[in-house]
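Please look over the sequence and the structure below before reading on. The text then takes the parts in turn.

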Number of protein chains: 2
Amino acid sequence: MKPLKERTSIRNEENTGTTSGLCEGYIQTNMVTLPKAYAFDFLLFCMRNPKPCPLVEVMEAGQTEPKVAEADIRTDLPRYRIYRDGKFSEEVLNISDVWQDDFVTFLIGCSFTFEKALLDGGIPLFHQQQKKVVPMFDTTIPLEPAGIFKGNMVVSMRAIPNDLVDQALAISERFEQSHGSPVHIGDPEEIGIKDLENPDYGEAVEFDAAEATPVFWACGVTPQNAALQAKPPIMITHAPGHMLITDQMDPNYDNG
Amino acid sequence: MKPLKERTSIRNEENTGTTSGLCEGYIQTNMVTLPKAYAFDFLLFCMRNPKPCPLVEVMEAGQTEPKVAEADIRTDLPRYRIYRDGKFSEEVLNISDVWQDDFVTFLIGCSFTFEKALLDGGIPLFHQQQKKVVPMFDTTIPLEPAGIFKGNMVVSMRAIPNDLVDQALAISERFEQSHGSPVHIGDPEEIGIKDLENPDYGEAVEFDAAEATPVFWACGVTPQNAALQAKPPIMITHAPGHMLITDQMDPNYDNG
């Protein structure tokens with residue numbers, strides 16, 4: 001299905017599920033919406049930490065229609081999460097009722113875009129095979145702070161068959177707006193991860209440690225996490241896995 | 001002289017003149033300082049218009065020491081201009097007295113960095129030979145607006161001997177943080193410039209129109225100009241030609 005048709009179905013609340021696997025080859029994005037008073041610090045934070053926070057678009061205060069999609073940011077994602085004072089408040093299907101004219105929305109690259117390219121490159125994705133949400137972990141990799149925003153990087157982990165690690169690296173590094181190349185390959189403890197079977201977000205995935213290597217990519221949960229620690233009075237994000245589908249094809253995506 | 005020594009002399013007001021030609025090979029920057037309330041819009045404006053507004057560094061609210069130089073932004077430029085409500089108010093040797101804790105400073109690339117590379121590449125710079133400030137012009141090239149900031153691009157003009165235009169292009173395009181490749185080559189009227197002998201800023205430069213071609217680069221006056229049109233209650237910039245000398249060598253600069 002084309003993005004506009006898919007988003008219309010989402011807007012009409014006929015589709016309220018994950019966008020994973022929808023509109024292949026089109027860029028999907030994470031969303032973070034904050035009052036303008038926090039927008040400068042958060043923009044600076046993203047610029048200083050481009051691996052976990054690759055900016056696809058920064059919208060103006062009050063703007064509801066992005067450039068990357070003929071969409072209304074208040075209705076065209078399947079699910080949103082509202083946080084108040086840094087705490088989860090509620091999950092909703094649209095944010096029309098809580099919208100404020102001073103809201104600034106950041107659209108941030110997500111890894112869905114390169115996962116399809118990995119698959120097409122012959123790289124198995126165990127979490128997809130096992131129908132799990134990709135496992136994500138807090139790390140000890142420090143971020144460069146900006147204003148009130150600081151913290152450590154959150155990473156997603158995909159176990160890659162040993163002989164395909166180089167290939168996975170080569171494919172993912174082309175997708176700069178989707179976190180690019182891995183931030184770590186191998187021993188999880190080196191980046192402060194104690195137990196791969198207990199992810200901080202998402203679900204644990206099974207793999208044979210003799211035949212596959214854990215590979216860690218910077219994750220779009222990072223900016224959410226940093227923003228929550230900063231405890232803004234209100235912040236809205238997409239619900240995990242429920243992204244904005246844009247009208248833009250990833251230029252690195254190979255349709256052939 | 002090394003940058004730190006030069007800046008100390010500037011801080012002590014022993015040197016209050018132009019930084020043109022000082023500390024060759026080190027990056028110099030334009031400076032724009034605004035209250036934080038305007039910082040998000042201005043940062044977005046720079047991101048959307050990277051040719052005229054190449055960001056070298058964005059400092060945090062109240063921060064006085066940048067990362068690119070062991071400097072105090074309030075004292076280590078030779079001259080500053082203070083604008084109030086979009087109008088020039090005064091030129092001063094330091095801004096310690098007017099500094100506010102909510103000031104955000106933007107350091108923006110300047111063309112001094114690539115002019116030396118042009119000279120080293122065998123390209124004569126007529127404005128330097130004639131001891132003139134490079135001529136700058138308002139154009140009809142529209143900028144992408146952001147919040148309250150909008151306007152047209154300001155360009156600097158260097159007439160280049162016809163057989164050296166390609167060479168000038170090849171050299172300047174390596175200096176992305178100093179406006180990069182030209183935005184226009186040839187007929188000034190195509191970008192709305194009526195009379196090369198009446199620049200809007202700087203001074204007219206003489207050249208033989210049969211032997212040299214006018215080449216136009218995006219200019220660091222652009223963001224100042226856009227900011228002035230937005231009429232913030234207070235804004236501070238370097239005085240033209242009186243830049244911040246950083247401690248960073250331009251990686252593209254050839255010392256050999």
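Two residues are said to be in contact if their C-beta atoms, placed from the backbone, lie within 7 Å. The model is predicted, and local features need pLDDT of at least 70, side-chain atom pairs count only at pLDDT 80 or more, and totals for chains, interfaces and linings use all residues. Residues are numbered from 1 along each chain as its sequence is written, while chains are lettered from A and ligands numbered from 1 in the order in which they are written.

Begin inside one chain. Chain A consists of domain 1 (3-110 + 230-249) and domain 2 (112-221), with bounds that come from an automatic or database domain assignment. Between the C-alpha centres of these two domains of chain A there are 22 Å. Where the domains touch, 23 residues of domain 1 of chain A are in contact with 21 residues of domain 2 of chain A.

Which elements of chain A each supply at least two residues to the domain 1 side? They are β1 (26-35), α2 (39-48) and β5 (103-109). Such elements are DSSP runs, numbered from the N terminus: helices are H or I with at least four residues, and strands are E with at least two. The largest share of this side of domain 1, five residues, comes from α2(A). By class, the side holds twelve nonpolar, seven polar and four charged residues. Here Ala, Val, Leu, Ile, Met, Phe, Trp, Tyr, Cys and Pro count as nonpolar, Asp, Glu, Lys and Arg as charged, and the others, Gly among them, as polar.

Now turn to the pair of chains. Ten residues of chain A are in contact with ten residues of chain B. Again α2(A) gives the most to the side of chain A that touches chain B, with four residues. That side has seven nonpolar, one polar and two charged residues. Because 100% of the interface residues of chain A are also interface residues in chain B, the copies meet through the same surface.

How are the copies placed?

Finally, take one residue of chain B. Asp85(B) sits in the loop between β3 (80-84) and β4 (87-92) of chain B. Leaving out residues up to four places away in sequence, Asp85(B) touches Lys231(B) and Pro233(B).
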